[in-house]
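Subject: Structure for you to look at

Hello,

I am handing over the structure below, followed by notes on what was found in it. Please read the notes with the structure open.

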2 protein chains.
Amino acid sequence: MDNNDQDMIEKDVTDSLGAQIAPEGEGDDVVFGLTDRYIQAIVEALRNGDEDVVSRELADLSEADIAELIEKVEDEDRQTLLQTHGDLLDPYVFSELDSGLRRKVLTEMPARQVAALISEMDSDDALDLIIDLPDDFQHEVIRFLSAKTRITLEEGLNFPEESAGRLMQREFVAVPQFWTIGKTIDYLRAATEELPDEFFDLFVIDPAYHVVGIIPLNRVVRSKRSEKLEDLKLEDIHPIPATMDQEEVAQLFRRENLTSAPVVDESGRLIGVVTVDDIVDVIDEEAQEDFLKLGGVGQDDLYSNIRGTTWARFPWLFVNLFTAFSAAAVISLFSNTIEQLVALAALMPIVASMGGNAGTQALTVAVRALATRELSSINERRIVIKEILVGAINGCIFAILIGCVAGFAFSNPMLGVVIGMALIINLINAGLFGAGIPIVLNKLGADPAVASAVFLTTMTDIIGFFAFLGLATIFLL
Amino acid sequence: MDNNDQDMIEKDVTDSLGAQIAPEGEGDDVVFGLTDRYIQAIVEALRNGDEDVVSRELADLSEADIAELIEKVEDEDRQTLLQTHGDLLDPYVFSELDSGLRRKVLTEMPARQVAALISEMDSDDALDLIIDLPDDFQHEVIRFLSAKTRITLEEGLNFPEESAGRLMQREFVAVPQFWTIGKTIDYLRAATEELPDEFFDLFVIDPAYHVVGIIPLNRVVRSKRSEKLEDLKLEDIHPIPATMDQEEVAQLFRRENLTSAPVVDESGRLIGVVTVDDIVDVIDEEAQEDFLKLGGVGQDDLYSNIRGTTWARFPWLFVNLFTAFSAAAVISLFSNTIEQLVALAALMPIVASMGGNAGTQALTVAVRALATRELSSINERRIVIKEILVGAINGCIFAILIGCVAGFAFSNPMLGVVIGMALIINLINAGLFGAGIPIVLNKLGADPAVASAVFLTTMTDIIGFFAFLGLATIFLL
């Protein structure tokens with residue numbers, strides 16, 4: 001962006017944060033990404049129909065920058081942007097887009113244009129783009145593709161979702177074991193057209209296309225031309241079955257600090273490669289999923305419209321309704337007790353909420369430890385017992401704290417004793433179920449991140465209300 | 001493990017899951033990591049004092065495998081293992097260990113032994129190990145280090161915690177711009193001793209040690225010897241200030257799909273390199289932190305003892321106490337109303353809990369979007385308005401559902417109307433504060449992941465109880 005443009009745009013823009021008009025904040029702690037002021041300036045230009053300014057700016061931005069721009073502008077501006085400048089965008093801009101928004105944007109484009117984008121991409125990125133599309137539209141797009149691209153994509157679609165087969169890149173460098181370093185480098189120089197755009201390791205293969213070793217490129221460049229590949233101390237091989245879940249693949253990479261790993265078919269034949277840059281995205285995606293699930297959100301709905309978001313939030317709220325009704329049913333059992341001592345109504349949510357919070361803590365640690373496989377049958381009993389004891393100790397501490405406050409506030413020492421006892425019971429209960437529910441769900445093959453929280457709060461609500469109101473009925477009436 | 005040992009160990013071991021005694025399950029979906037049965041077999045050997053068996057097994061395991069073993073066995077077995085075989089372990093076993101447990105294990109070792117481990121490691125890994133230690137012990141360990149190692153470590157310790165300076169590796173490959181590919185390869189072959197163990201890219205520098213370009217190794221191996229470095233189309237450079245936060249660094253890597261990036265000092269001079277394998281760990285760590293914070297857990301306490309875990313959980317529960325007491329205070333205001341219509345006591349937790357859950361959903365999406373910078377001042381207003389509308393719509397749906405059930409169950413249609421109105425109010429409130437609280441905390445420079453949830457449940461409890469009991473007082477008495 002030259003100074004002229006800056007001046008021109010600056011007139012129309014006010015920014016209370018005082019950021020400079022430059023795509024990336026300089027001098028601030030922001031060293032990448034777009035500033036809000038810059039986005040506003042582009043939006044102004046779009047609305048004023050200054051197509052030249054927009055084109056020039058887009059030419060200067062990276063794919064990730066343009067994706068951020070598309071994500072952050074309002075719906076109408078996004079449509080204007082894509083209609084006027086959509087055909088100039090690099091296909092990889094769409095790879096960088098949030099997947100929900102990408103689906104929306106692509107389905108609004110003509111199938112022929114989407115097919116053109118896909119034809120320009122590497123096999124794994126093309127696959128990534130097409131699998132998100134609604135089935136009808138997917139078929140329509142596929143009709144416009146060349147036979148070769150279509151076959152590659154259809155092969156990819158045959159692998160299970162979120163598997164190594166979907167993640168892998170079909171372009172890799174494989175060299176026979178009996179070659180020397182010199183011969184390998186000569187081959188790489190001659191074959192430069194056929195090589196993948198990026199690669200970090202060479203796979204050494206036997207005549208049956210089985211991987212017998214992996215050579216990082218830095219070993220290639222530092223070895224003498226005369227050295228034989230089979231004489232190099234090869235890295236350990238971790239061949240990945242094409243059907244392996246991507247989360248497993250990510251754990252393997254992280255655990256063994258890999259940069260790339262060969263993907264093999266059922267007969268052990270090399271068919272592709274997964275590289276660490278794909279893994280970065282997987283780890284991010286899986287972490288995001290777990291985070292959202294813990295908060296009761298099925299999928300990232302930041303860019304969904306109101307109907308989509310409402311619908312995405314509904315199931316979790318509906319499930320929680322049963323927890324709420326069962327808690328209400330327990331309280332109803334004790335309506336006589338509450339009628340006689342209405343202070344109980346004020347205090348009972350304290351018992352339930354302390355239990356819910358303590359249980360969520362135990363649950364969070366357990367869900368995370370199951371995801372990283374740090375929790376397994378070898379230590380589960382120890383962990384559950386620990387959580388019960390932690391619950392008991394915190395239960396005692398809070399029993400004293402809350403018991404004193406409640407007994408004093410309502411001038412009823414016995415009320416303090418009752419709430420204290422109920423708290424101890426409910427925090428022990430919270431430790432038991434907080435750690436226990438995810439473990440059991442995991443054993444049953446369910447995803448502990450999704451379902452655990454409902455079961456847990458049902459338990460801590462029911463036991464909490466029951467213990468408090470039950471003890472009150474016994475000791476206070 | 002040869003068959004003899006398998007037979008020998010198998011006698012002592014029963015495993016209801018029927019896993020084979022092999023470090024890694026075969027045929028199952030487990031293709032890495034240790035099976036529980038294998039760990040049990042090692043523990044048996046340890047307890048029987050079969051040191052030969054243990055040594056042989058340890059020699060066959062990777063660093064990550066041994067770390068898993070140390071993590072999963074019970075305290076006494078861990079002590080036996082470390083006392084009898086600790087000095088045979090590769091230093092990188094400790095790098096793979098859970099950081100809480102690593103601190104515990106290392107502080108139980110003599111300082112001299114820890115110093116010996118650190119001396120064998122690369123600068124960044126050594127730094128990683130030593131920063132976790134308690135200050136006293138750290139100083140003691142440092143006394144046993146050679147002057148050179150000590151200086152490198154102390155330089156590293158001068159960078160802020162979780163900064164690029166702490167993350168970077170000081171070993172990198174920098175070459176002058178006027179070299180050819182041939183000269184570069186000759187240099188790499190000759191300098192093999194001085195090169196880092198692993199590298200993916202070469203940095204092209206000018207005489208002032210400023211980075212002018214980055215060449216991926218695959219470009220080196222596929223180019224002709226005669227080509228000049230300055231003629232290659234160089235990758236975009238993303239120099240990272242040494243003080244940049246590691247989370248920012250990770251976002252930059254993810255956004256621009258980098259494999260390595262140069263770290264520079266204030267004058268732009270190249271001082272180190274961050275590689276994508278370090279970033280994998282950072283992303284994992286940051287995702288774990290956010291996940292735990294959302295669940296009200298300050299740090300991963302899976303391996304802490306009971307006292308440590310109790311203490312780690314206490315602050316969050318204590319903060320929640322204020323939420324619980326304010327809710328109790330609101331309810332107390334309406335004790336007359338509740339005395340006259342005790343059904344209110346049973347129904348009021350429904351209003352609060354639906355609000356809490358809906359608010360947590362909005363909050364989870366907002367916290368995540370702030371972390372990934374998808375939410376900023378350009379779209380915050382839109383997001384908050386959307387959440388309010390989503391709350392209003394779900395509020396209406398649940399108002400009808402719950403209103404009908406409540407009106408019918410207590411044969412009091414007006415009670416149904418009141419709870420319905422309260423639900424609509426509280427779900428709108430949940431949308432507003434669920435999205436609004438993290439945004440405001442973020443603007444104030446606080447970490448939205450930690451504090452948001454308490455503020456939110458305080459709001460949904462207070463407004464929920466107040467709306468329901470207040471409306472009941474007006475319409476039902």
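One place to begin is B:Arg373, which sits in the loop between helix H19 (343–371) and helix H20 (380–409) of chain B; helices are DSSP runs of H or I with at least four residues, strands are runs of E with at least two, and both are numbered from the N terminus. The model is predicted, so local features need pLDDT of at least 70 and side-chain atom pairs count only at pLDDT 80 or more, while totals for chains, interfaces and linings use all residues. Residues are numbered from 1 along each chain as its sequence is written, chains are lettered from A and ligands numbered from 1 in the order in which they are written, and side-chain values use heavy atoms, with hydrogens and water left out.

B:Arg373 has a phi near 65 degrees, a positive value in a residue other than glycine. Its relative accessibility is 24%, so B:Arg373 counts as partly exposed (buried is under 20% relative accessible area, exposed over 50%, partly exposed in between, with a 1.4 Å probe and protein chains only). B:Ser411 is not a glycine either, yet its phi is positive, at about 45 degrees. This serine lies in the loop between H20 and helix H21 (413–443) of chain B. B:Ser411 is exposed, because its relative accessible area is 64%.

The two chains

Chain A can be laid on chain B by a turn of 180 degrees and a shift of 0.0 Å along the axis, with an RMSD of 0.0 Å (a least-squares superposition on the C-alpha atoms of residues with pLDDT of at least 70 in both). The two copies are therefore related as by a two-fold rotation axis. Both use the same surface, as 100% of the contact residues of chain A recur in chain B; contact means heavy atoms within 4.5 Å.

How many residues of chain A are in contact with chain B? The number is 126, and they touch 126 residues of chain B. The chains bury about 11,500 Å² between them, 64% of it on carbon and sulfur atoms; this is the accessible area (1.4 Å probe) that two parts lose on being put together, summed over both. Across the interface the rule finds 10 salt bridges, each a side-chain nitrogen of Lys or Arg within 4 Å of a carboxyl oxygen of Asp or Glu. A:Arg255 forms a salt bridge with B:Asp65, and their closest N and O atoms are 2.5 Å apart.

Inside chain A

Chain A is divided into domain 1 (3–162), domain 2 (174–293) and domain 3 (306–476), with bounds from an automatic or database domain assignment. The centres of domain 1 and domain 3 of chain A, taken over C-alpha atoms, are separated by 46 Å.

Helix H2 (residues 36–47) of chain A is mostly covered, with nine of its 12 residues buried. Among them are A:Tyr38, A:Ile42 and A:Leu46. Just after H2(A), A:Gly49 takes a positive phi of about 75 degrees.

A:Ala362 is in helix H19 (residues 343–371) of chain A and counts as buried because its relative accessibility is 2%. Leaving aside neighbours within four places in sequence, the contacts of A:Ala362 include A:Glu387, A:Ala430 and B:Arg313.

A:Thr458 belongs to helix H22 (residues 448–476) of chain A. At a relative accessible area of 18%, A:Thr458 is buried. Beyond neighbours within four places in sequence, A:Thr458 is in contact with A:Thr323 and A:Ser326.

Regards
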